[in-house]
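Dear colleague,

I am handing over a structure that may be new to you. Please look through the sequence and the structure below before reading on.

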Amino acid sequence: MDYRVSKNAEAPDTTVVYLSGRMTFADHETFRGVIAAFDGPAGQRMIFDLSELAFIDSSGLGMFIIARDTAQKRGLEFSIRAARDEVKRLITVAKFHRMFDITD
């Protein structure tokens, strides 16, 4: 899995984390770098953009729960957007729509 963090000057209260490639158990250490991006003040919005994520396994889904819990502890808003194909199917099967704010 690769990722990049983007902060938009037009929406300074929003940080978008773009995930790409395959997200598996092997990415746990890399994911710690993603969590490090959760450094904004309370009320800041954190968005995971999954438009370039091709595959995710159950460990990857668990990492989303870690991210959500971290955001909640820090008073940040957290959402997921733009999941597609297999990633969208797995998120649906796991019923993540009940736990996360998910948009297309």
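The notes that follow go from the overall fold to the core and then to individual residues.

Please bear in mind that this is a predicted model.

Overall fold

The protein chain contains three helices and five strands. The C-alpha trace spans about 30 × 25 × 25 Å along its principal axes. The radius of gyration of the protein chain is 13 Å, which agrees with the value near 13 Å that a compact globule of 104 residues would have. Of the contacts between residues at least 6 apart in sequence, 69% join residues at least 24 apart.

Surface and charge

Of the 104 residues, 42% count as buried. The accessible surface of the protein chain is about 5,700 Å², and carbon and sulfur atoms account for 50% of that surface. The chain carries 14 positive and 15 negative side chains, with the centres of the two sets 5 Å apart.

The nonpolar core

In soluble globular proteins, nonpolar side chains tend to be buried together. In this model, the largest nonpolar core has 27 residues. Leu-19, Met-23, Phe-31, Phe-48, Leu-50, Phe-64 and Phe-78 have the most contacts inside this core. At least two core residues come from each of the strands β2 (14–23), β3 (45–56) and β4 (77–81), and likewise from each of the helices α1 (28–36), α2 (58–73) and α3 (85–93).

Not counting residues up to four places away in sequence, Met-23 touches Met-1, Phe-31, Leu-53, Phe-55, Ile-56, Asp-57, Gly-60, Met-63 and Phe-64.

With neighbours within four places in sequence left aside, Thr-15 is in contact with Val-5, Ser-6, Lys-7, Gln-44, Arg-45, Met-46 and Ile-47. On that basis, the contacts of Val-16 are Arg-4, Val-5, Ser-6, Ile-47, Asp-49 and Arg-81. The C-alpha atoms of Val-16 and Asp-57 are separated by 22 Å, and these two residues are 41 residues apart along the chain.

With kind regards

Note on methods. Residues are numbered from 1 along each chain as its sequence is written. This is a predicted model: local features need pLDDT of at least 70, side-chain atom pairs count only at pLDDT 80 or more; totals for chains, interfaces and linings use all residues. Side-chain values use heavy atoms; hydrogens and water are left out. A nonpolar core is a set of buried Ala, Val, Leu, Ile, Met, Phe, Trp, Tyr and Cys residues joined through side-chain atoms within 4.5 Å. Buried means under 20% relative accessible area, exposed over 50%, partly exposed in between (1.4 Å probe, protein chains only). Helices (H or I, at least four residues) and strands (E, at least two) are DSSP runs, numbered from the N terminus. Contact means heavy atoms within 4.5 Å. The radius of gyration is taken over C-alpha atoms; the globule rule is 2.2 Å times the number of residues to the power 0.38. Accessible areas come from the Shrake-Rupley method with a 1.4 Å probe; for residues, only the protein chains shown count as cover. Lys and Arg count as positive and Asp and Glu as negative; His and the chain ends are not counted. The place of a charge is taken as NZ of Lys, CZ of Arg, CG of Asp or CD of Glu.
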